[in-house]
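Here are my notes on this model, point by point. Please read them with the structure open.

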Amino acid sequence: MKKGIALSILAALCMLEFIHTNSPDQDPYTITDYSRLHPIKVERVVKGQEIEQLVSLIKEAKQKHLTISISGQRHSQGGHTYYKDGIVIDMTSFNKILFIDPNAKKIQVQAGATWNDIQNAINPYGLAIKTMQSQNIFTVGGSISINAHGRDIRNGSMIKSVESFHLLTADGQIKRVSRTENADLFPLALGGYGLFGIILDVTLTLTDNEMYTTKVDKTNVDEYPAYFMNQVKANPDIHMHIARISVAPESFLTDMYAINYQIDRNVPLQGHDQLKTREEWVTLTKLMFNINRSFSWGKNVFWNLQEPIFSKQQGSSVSRNNAMRSESAFMEYTQPEKNDLLQEYFIPVHEFSGFVDDMRTILREEDLNLLNITVRYVNQDQEATLSYATDNMFALVCLFNVPLSDQGQDQVKHSIQHILDKVIKHHGTYYLPYAAYPSLQQFRLAYPNQELFFRKKDEYDPTHLFMNYFYEDYKGE
């Protein structure tokens, strides 16, 4: 009798779990990226191991009329790393450190190496990375393919620290690409989203690891541009910066905190440069962020908790390498039929306050669950063909919790396009690694070099061997 009851309860629990997870984004027989927006079946996923193997895959795909997509950690959110019925090459195992030259401050790594791998390799030499995302979990190949940026305010976007790379092209050739060799490919493949070939290895220029004093300031949206230009950018000793805007109803898109990392020459690097290896308070912060995700009052609580958290950081010392290893585990989210997705808007410094005012009005009218906004500074840099930094700009990194259903996504797309109209009004751009909500017209306005980019794509890869959903969504006809 008891055995029968237990089996019935187990069967009921299994049925509830099946109902809870019976959605396309949970299908174990499909592949998707972090967004879980476009789960599809691919021909196969192949781990990158050796250069000869990768060349053979190029030949095979051409013979069988298959497409190839390149993936790293698959944290992009717009289908950049896979394509229906194609071969996906997973580069995460292609991750050797090839050489370090401490005197020249250079490193050469295979494209599947993560920034964590690089930090572990260069920290003993007193060296640090110039530019990367706030987290160090991504692959180098993926980061330069999206021309990433981060907290550093002096060294520009990722392309500035790339000296050269080797690219396996659609014709099976391996080309060394730099600003002087095969130079036409340099601004195309960097920020090219894997459409020009497989990046095999990268030579990066490095900088010194340094000790910083952390300084936290409270400000607001109206005061922030002048504060940044007069107190942050004008101070040559501040090398890194990040800010947060409140999404709490009580201070919605008005209050801000800014965190500055100012070089401290009185604190020796030796003895303070041990790398952080674990994230602290993950369970508690994960719980708090889930409350922030689920309730309006939770957003007020979460924002009000920022003050004691930031106060604790005030005046603390941190090495550059540790400042570039920020926490991410607390944001992990795997619930069926919903996900946390990023959108990022680049707004000229002098347009920042006006854009945020417009965005605030839209978000009060639209049904979008905004969880977080961080602000970074990006120096003007138009070297990449698909450059987002058309001016000295603030990057507003916006995290939304969104439904994954077709109906829910239609509403999200409509709302995001409404925001993008204001981005363009304020002479801004948006970041391309994320879900392709913008209209083709918005894409073409934000990226006037897109026609050249796609023309070069057709020139270097006329059969479209390298293919992903970024091309399909934005090429248009």
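1. Terms first. Buried means under 20% relative accessible area, exposed means over 50%, and partly exposed lies in between (1.4 Å probe, protein chains only). Q314 has a relative accessible area of 40%, so it counts as partly exposed.

2. Basis of the model. This is a predicted model: local features need pLDDT of at least 70, side-chain atom pairs count only at pLDDT 80 or more, and totals for chains, interfaces and linings use all residues. Residues are numbered from 1 along each chain as its sequence is written, and side-chain values use heavy atoms, with hydrogens and water left out.

3. Overall make-up. The protein chain holds 15 helices and 17 strands. Helices (H or I, at least four residues) and strands (E, at least two) are DSSP runs, numbered from the N terminus. Of the 477 residues in the chain, 56% are buried. The accessible surface comes to about 21000 Å², and carbon and sulfur atoms account for 51% of that. Areas come from the Shrake-Rupley method with a 1.4 Å probe; for residues, only the protein chains shown count as cover.

4. Contacts across the sequence. Contact means heavy atoms within 4.5 Å. Take contacts between residues at least 6 apart in sequence: 73% join residues at least 24 apart. Q314 gives a local example. This residue sits in the loop between α9 and β13. Q314 and T214 are 100 residues apart in sequence, yet 5.7 Å apart from C-alpha to C-alpha. Not counting residues up to four places away, Q314 touches T214, K215 and V216.

5. The sheet. Eight strands form an open antiparallel sheet, in the order β13-β10-β12-β11-β15-β16-β14-β17. Two strands pair if DSSP finds at least two bridges between them. At the edges are β13 (317-319) and β17 (429-430), each pairing on one side only.

6. Strand β11. What encloses this strand? Seven of the eight residues of β11 are buried, so the rest of the structure largely encloses it. β11 (residues 238-245) pairs with β12 (residues 255-263) over seven antiparallel bridges. Within that pairing, A243 stands opposite A258, and M240 has Y261 as its bridge partner. Three bridges join β11 to β15 (residues 369-378), again antiparallel. There, R244 stands opposite T374.

7. Nonpolar cores. A nonpolar core is a set of buried Ala, Val, Leu, Ile, Met, Phe, Trp, Tyr and Cys residues joined through side-chain atoms within 4.5 Å. The largest has 131 residues, and Y345, L396 and I419 touch the most other members. Strand β16 (residues 393-403) gives the most to this core, with seven residues. A second, separate core has six residues, including M288, I291, F302 and L399. Beyond four places in sequence, the contacts of L396 include I245, Y345, F352, F355 and T374.

8. Surface patch. F295, W297, V301, L305 and I309 form a nonpolar patch on the surface, with about 460 Å² of accessible area together. Patches are made of residues with over 30% relative accessible area and no salt bridge; like charges are joined within 9 Å, nonpolar side chains (Val, Leu, Ile, Met, Phe, Trp, Tyr) within 5 Å. A salt bridge is a side-chain nitrogen of Lys or Arg within 4 Å of a carboxyl oxygen of Asp or Glu. I309 lies in helix α9 (residues 306-313). At 44% relative accessibility, I309 is partly exposed.
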